[in-house]
Amino acid sequence: MERRTFLTGSMSVAGAVALTGTAAPAQAAPSPSPLAAAPGTGPHYTANRAPLRQEPFLRLPPGSITPKGWLRTQLDLQLDGLNGRMPEMSDYLDAGTSGWSVPERDGWEELPYWLRGFGDLGYVTQDSRTLELTRTWIDRILATRQPDGFFGPAGLRTSLNGGPDFWPHMPVLDALRTWHEYSGDDRVVPALTGWLKYLHAQPGTLFGQGWGSARVGDTIDTAYWLYNRTGDDWLLDLVRTMHAHSADYTHTIPTWHNVNLAQGFREPAQYGVLAGDPSFLAATHRVYDTVMGGYGQFPGGGFAADENARPGYHDPRQGFETCGIVEFMHSHQILTRITGDTVWADRCEDLAVNTLPAAFDPQQKGTHYVTAANGIQLDNVAKSHGQFNNSFAMQAYMPGIHQYRCCPHNYGMGWPYYAEEMWLASIDGGLCASLYAESSVRAKVGDGTTVTVTERTDYPFDDTVTLTVSTPRAVDFPLYLRVPGWCEEPSVRLGGRPAPVRRSGGYLVVDRRWHDRDQIVLRLPMRTTVRTWGANEDSVSVHHGPLVYSLRIEEKWQRSGGSSAWPEYEVRPASPWNYALELDRQAPARSFTVERTRARAANPFTQSGTPVVMRAKGRRLTGWVSDDQDVVAPLQQSPARTTEPVEHLTLIPAAAARLRITSFPTASTAAKALQWAAVTASFSGVDSPQALLMNAAAEPSSSYDQTIPRFTWWDRTGTEEWIQYSYAEPVRVNAVSVYWYDDSGHGACRVPDSWRLEHLSADGRWQPVDGADGYGVATDRFNQLSFPTLTTTALRITARLRAGFSGGVLAWRTTQPDGPRA
């Protein structure tokens with residue numbers, strides 16, 4: 001099935017979950033803007049007109065910021081990589097066949113996605129080839145304008161239920177805006193005006209359809225941008241219409257598609273800029289907290305949605321789509337400017353320095369569809385047991401023009417947008433260092449004087465940021481310095497002495513008269529912390545400052561296709577990965593030591609190039625395995641029992657790890673600690689036996705509970721089948737409870753005719769469990785089987801399926817006397 005067809009279908013089944021009364025973890029309450037325009041100063045860059053609420057921070061014109069250091073390396077890799085040379089690879093960018101240059105031809109999101117990031121790549125790098133090709137495509141697109149304001153592929157006028165599909169235009173609007181900001185092209189404002197007038201003439205019901213409904217905040221952003229330049233009141237009426245008819249994030253979660261959520265959750269906050277009601281910002285926080293509370297319970301800033309977020313599939317193996325990564329970053333950047341709240345910049349940084357680099361191969365010649373916090377093999381093999389929401393292969397690194405479709409074209413905005421949002425103008429005539437990386441910025445401040453601030457730093461690998469001001473004359477302006485949420489004791493020195501600063505929200509503000517060559521040194525002392533993820537079986541992650549650390553797994557890269565210019569790679573482990581960390585129970589952070597390496601590579605997001613590593617200790621956890629398709633098993637409860645010897649481990653920054661164990665079990669030798677089980681079955685077709693691990697604590701509502709993962713032997717019917725728990729060490733067991741899957745009235749799975757429980761004896765033979773009777777096959781409840789305590793290394797349920805029917809299990813629990821339930 002083609003991706004577009006599949007994803008359209010996925011939207012139709014995404015349920016709307018009401019937020020009223022939803023229990024969500026308290027992560028970040030809405031906070032007021034930390035600043036306002038000072039009398040007599042005013043912003044030096046285009047700001048919101050009344051009645052729009054003033055944003056505390058403004059984007060600087062593209063080209064104002066010059067990235068250097070590791071960030072420039074990432075951008076240079078992008079120039080010579082997939083995004084920068086996409087016309088060589090993508091037939092969607094053929095000028096002779098694309099509807100974005102020849103309206104009679106087809107066209108959808110691919111070229112708009114690519115151009116949005118490609119143009120900004122040119123602005124931040126000043127690469128002449130990129131700038132010239134950007135201009136060429138802008139010219140082509142603008143040449144398709146029609147008298148009624150429509151532009152682009154003519155087929156899009158009627159492609160959405162007989163009406164216009166306005167989603168593919170959204171990334172084009174972004175590309176046109178930044179081009180105008182960079183070049184001053186006077187065709188852009190009339191073109192955007194015409195397009196938005198065209199939308200304004202449509203019935204409001206249009207905005208409740210298609211991808212655009214879930215992502216309408218992008219068009220709202222463009223409407224504000226245009227209103228701030230023209231003052232046309234009808235644009236605000238259009239915003240009200242779009243908000244009223246589009247997907248409702250204010251009261252519900254209308255979709256669980258990962259990219260929709262990554263873009264759409266901010267819409268209430270964006271609408272609140274016009275509405276002036278703080279409850280809209282609160283709604284955006286509420287959606288974020290609900291999604292992350294359910295599916296974001298692992299490090300790296302993303303959430304478990306290897307297409308859609310699905311009940312029961314919240315383990316860190318699930319992964320986050322590359323489109324979702326960059327769109328989530330973009331949303332956080334917009335919210336930083338709207339609110340002035342540093343929590344959004346923190347979240348953007350988390351994704352950028354811990355997750356985004358692992359979405360590409362180190363040369364950026366290929367990407368993959370999903371990046372997981374825990375993933376131990378990246379192969380070009382479809383996973384058919386329902387481990388992921390998609391059945392196509394989506395983990396190998398490749399250009400993926402037709403395999404992954406959206407991500408190769410869309411990923412390009414990640415690093416350029418990050419570079420452009422490092423420095424912001426403040427509404428009171430100052431500057432804000434919002435995201436840290438080596439760079440320089442040229443901007444108007446104070447009385448309109450243009451200054452340059454040069455930033456030297458190895459952040460996020462070091463804690464010191466040195467800023468030097470170059471100014472033609474003395475000038476007064478405030479300098480806002482973001483203090484990351486993890487930093488407890490920041491300090492600022494000016495000329496070697498403590499600088500007078502004030503705290504404003506999450507910022508340190510140096511407000512003074514600046515002179516040429518003034519230099520301040522910001523220190524953000526980093527400490528090691530260990531975070532426990534209670535919603536994911538008490539697994540832990542290890543952090544030092546902004547970086548999260550993964551196990552260093554030896555990576556075996558194997559060319560699997562492509563060409564020498566555009567290779568495709570699979571990555572397999574060449575060293576053990578199934579470790580549980582050995583922690584100091586009283587002070588877990590003392591279990592780790594950060595070390596500097598001698599690496600001086602320009603790209604620190606590789607195993608050989610990382611400038612920092614962490615030393616740790618752990619024990620092998622042999623019950624933690626991969627399934628028969630090399631997908632890592634879900635986490636089970638920590639602490640995990642293991643008597644394997646303690647080993648010295650090396651952890652590396654997660655962004656340098658393509659194979660990743662980032663959410664770790666913790667180790668224990670105690671007899672009462674849980675012995676992890678490995679699960680296998682006689683046959684697994686579409687449903688993985690690992691669902692039983694995922695459902696360890698589940699309480700099914702019925703035998704047809706569709707809200708939790710399930711295991712079935714489908715499509716075997718009338719046969720004898722088995723499912724098995726195996727343990728690394730002998731366990732004592734005296735009862736099991738089985739909850740059968742039965743979809744009577746819906747499908748062809750039924751409770752079995754009969755079943756038996758067997759155990760593996762010391763001589764390696766399967767033996768019936770003595771003293772067990774009352775093998776229940778009731779629906780809608782656990783069927784408990786008790787027996788005299790036995791010691792074994794494996795248990796097996798063998799079921800006789802009904803003639804003409806298959807069967808399955810929702811949950812299977814074992815009870816250990818005086819021990820945990822497994």
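Begin by selecting helix α14, which supplies seven residues, the largest share, to the lining of the largest pocket. The model is predicted, so local features need pLDDT of at least 70 and side-chain atom pairs count only at pLDDT 80 or more, while totals for chains, interfaces and linings use all residues. Residues are numbered from 1 along each chain as its sequence is written, and side-chain values use heavy atoms, with hydrogens and water left out.

**The pocket**

A pocket is defined on a 1 Å grid over the protein atoms alone, as an open set of points where a 1.4 Å probe fits, with protein on both sides within 12 Å along at least five of seven lines; lining residues have an atom within 4 Å of a point. The volume of the largest pocket is about 780 Å³, a volume being the space filled by probe spheres set on the points, which are joined across faces, edges and corners.

Next, select Asp346, Asp350, Trp486, Arg531 and His543, the closest to the pocket centre of its 27 lining residues. Then colour α12 (278–295), α14 (342–354) and β19 (528–533), the elements that give two or more residues to this lining. Helices (H or I, at least four residues) and strands (E, at least two) are DSSP runs, numbered from the N terminus.

**His544**

Move to strand β20 (residues 539–544), where His544 lies. His544 is buried, at 16% relative accessible area; buried means under 20%, exposed over 50% and partly exposed in between (1.4 Å probe, protein chains only).

**Arg405 and the cysteines**

Select Arg405, in the loop between β7 (374–375) and α15 (406–410). Arg405 is buried, with 5% relative accessible area, and its side chain makes a polar contact of 2.9 Å with that of Tyr92.

How many disulfides does the whole structure hold? The search finds zero, a disulfide being a pair of cysteine sulfur atoms within 2.5 Å. For Cys348, the nearest cysteine sulfur, in Cys432, is 13 Å away. Finish at Cys406, buried at 0% relative accessibility: its sulfur is 3.5 Å from that of Cys323, which is too far for a bond.

Key
A polar contact is a pair of N or O atoms within 3.5 Å; within protein, one must be able to donate a hydrogen and the other to accept it, and residues adjacent in sequence count only if both atoms are side-chain atoms.
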